[in-house]
Amino acid sequence: MGAPPGGSPDITPPKLIATRPESTSILPDFQGNIEFQFDEIVSEGSSPNEGLGTGDLERLIILSPSAKPPIVTWKRDRITVHPKEGWRPNTVYRVELLPGIVDLRRNRDSTGTVLTFTTGAPLPTLKLSGQAVDWVGHKSGRGAVIEATLLSDSLIYRSLADSSGKFSLGPLPAGPYLVSASIDQNRNLRRDLREAFDTARVGGDSAAAVPALWIYPHDTVGPRIQTITVNDTLAVTLTFNQPLDPYQLVDSIGVRLLLLPDSTPVGVGSLLGKATDDSLAARKRASADSTKAAADTTARAADTTPVGKKRPPPREPAAENAE
């Protein structure tokens with residue numbers, strides 16, 4: 001027996017109806033699987049889940065703290081998760097199911113969920129929140145990998161930033177953390193050596209605000225001048241091969257400008273970042289336009305000639321009487 005054919009098409013995404021175990025549980029000596037159960041059969045995806053972190057379902061699971069991709073198994077309307085190295089005792093675990101689960105009709109779930117439990121450790125209370133910014137791309141750190149390393153035992157908890165670069169990670173064990181944000185170029189949900197990142201150190205017991213994380217490439221070579229563009233007779237633009245620190249102040253005294261062919265020293269009026277220089281130039285233009293408009297208004301107010309009547313020509317100066 002089955003449902004009769006016909007009817008309206010199914011446009012409802014799969015709905016998560018249960019998680020096992022329940023979130024915020026304390027389970028000493030836990031050895032089972034984490035299970036997400038849905039109200040219908042979900043798709044396994046086109047890429048197989050072989051424990052390499054490249055399968056479609058494996059890309060939707062973040063299990064931490066764990067140094068390896070988890071073992072993710074598809075069971076029709078359920079997804080089970082297990083760490084390769086097994087469950088550690090007295091540890092707080094965080095399992096995040098990212099948005100992206102689809103059913104057999106390609107209806108996509110856009111919510112996701114987080115399951116937190118412990119294998120004997122006290123329930124966590126700390127929550128970390130902040131924002132990541134892609135400094136080089138001049139945009140928010142959308143989808144950036146967030147890693148919070150507990151400094152007392154080097155456990156790493158992971159999550160992803162949302163579309164605006166904001167993130168919230170918790171509850172976590174209390175203590176000092178080193179929080180990093182990185183651009184996940186290979187989509188392995190981890191920060192690799194050559195990926196751009198930024199870090200900040202925070203700590204607390206209940207809540208901690210992470211300073212803004214400005215993601216940029218890290219290397220040991222300083223910036224170099226790449227191009228010099230002449231804007232006009234009074235200004236040039238220097239372009240460097242790397243982004244510069246926006247808070248760094250460079251004094252114009254540190255620049256030598258020589259006039260060829262005699263190498264005559266020329267004074268430098270200012271040395272500013274492009275954004276600051278453009279802002280000052282726009283302000284000067286606005287001030288000049290305002291002054292010109294005020295002068296035109298004053299001139300029109302002083303002109304009392306009736307409308308439609310020509311202004312009389314200026315009188316010639318009287319000639320001196322000749323003797």
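This is a short tour of the structure, one selection at a time.

Before you start, note that the model is predicted, so local features need pLDDT of at least 70, side-chain atom pairs count only at pLDDT 80 or more, and totals for chains, interfaces and linings use all residues. Residues are numbered from 1 along each chain as its sequence is written, and side-chain values use heavy atoms, with hydrogens and water left out.

**Stop 1: the cores**

Select Leu128, Tyr177, Val179 and Val210. These residues have the most contacts inside the largest nonpolar core, which has 25 residues. A nonpolar core here is a set of buried Ala, Val, Leu, Ile, Met, Phe, Trp, Tyr and Cys residues joined through side-chain atoms within 4.5 Å. Buried means under 20% relative accessible area, exposed over 50%, and partly exposed in between, with a 1.4 Å probe and protein chains only. Among the elements that give two or more residues to this core are β9 (126-134), β13 (166-172) and β14 (175-182). Strands are DSSP runs of E with at least two residues, numbered from the N terminus.

Now show the surroundings of Tyr177. Leaving out residues up to four places away in sequence, Tyr177 touches a set including Leu126, Leu128, Tyr157, Leu172 and Val202; contact means heavy atoms within 4.5 Å. For a second, separate core, pick Val72, Ile79, Ile101 and Leu189, which are among its 22 residues.

**Stop 2: follow β9**

Colour β9 and look for its partners. Strands of a sheet pair through backbone hydrogen bonds, either parallel or antiparallel. Two strands count as paired if DSSP finds at least two bridges between them.

- β13 runs antiparallel to β9, with five bridges; Leu126 has Leu172 as its bridge partner there.
- β16 (residues 207-209) pairs with β9 in the parallel sense over three bridges, and Leu128 stands opposite Ala208.
- β17 is parallel to β9 and joined by three bridges; the bridge partner of Val133 in β17 is Trp214.
- β10 is antiparallel to β9, with two bridges, and Asp134 stands opposite Lys139.

Zoom in on the hairpin of β9 and β10: four residues lie between the strands, and His138 takes a positive phi near 55°.

**Stop 3: Trp135 and Tyr216**

Next, select these two rings. Their centres are 5.3 Å apart and their planes at 80°, so the pair is edge-to-face. Rings of Phe, Tyr and Trp (its six-membered ring) pair if their centres lie within 6.5 Å; planes under 30 degrees apart are stacked, over 60 edge-to-face, and the rest tilted. Trp135 sits in the loop between β9 and β10, and Tyr216 in the loop between β17 and β18, 81 residues apart. Trp135 is buried at 17% relative accessible area, whereas Tyr216 is partly exposed at 27%. Beyond neighbours within four places in sequence, Tyr216 is in contact with Trp135, Val136, Ala196, Phe197 and Asp198.

**Stop 4: an aromatic cluster**

Select Phe30, Trp87, Tyr93 and Phe117, which ring pairs link into a cluster. The rings of Trp87 and Tyr93 have their centres 4.8 Å apart and planes at 85°, so they are edge-to-face. Trp87 is buried at 7%, and Tyr93 is buried at 1%.

**Stop 5: the open sheet**

Finally, show the four strands in the order β2-β8-β7-β4, an open sheet with mixed pairing. β2 (25-26) and β4 (61-64) are at the edges, each with a single partner strand, so one side of each has no neighbour in the sheet. Four bridges join β4 to the antiparallel β7 (residues 92-97), where Ile62 has Glu96 as its bridge partner.
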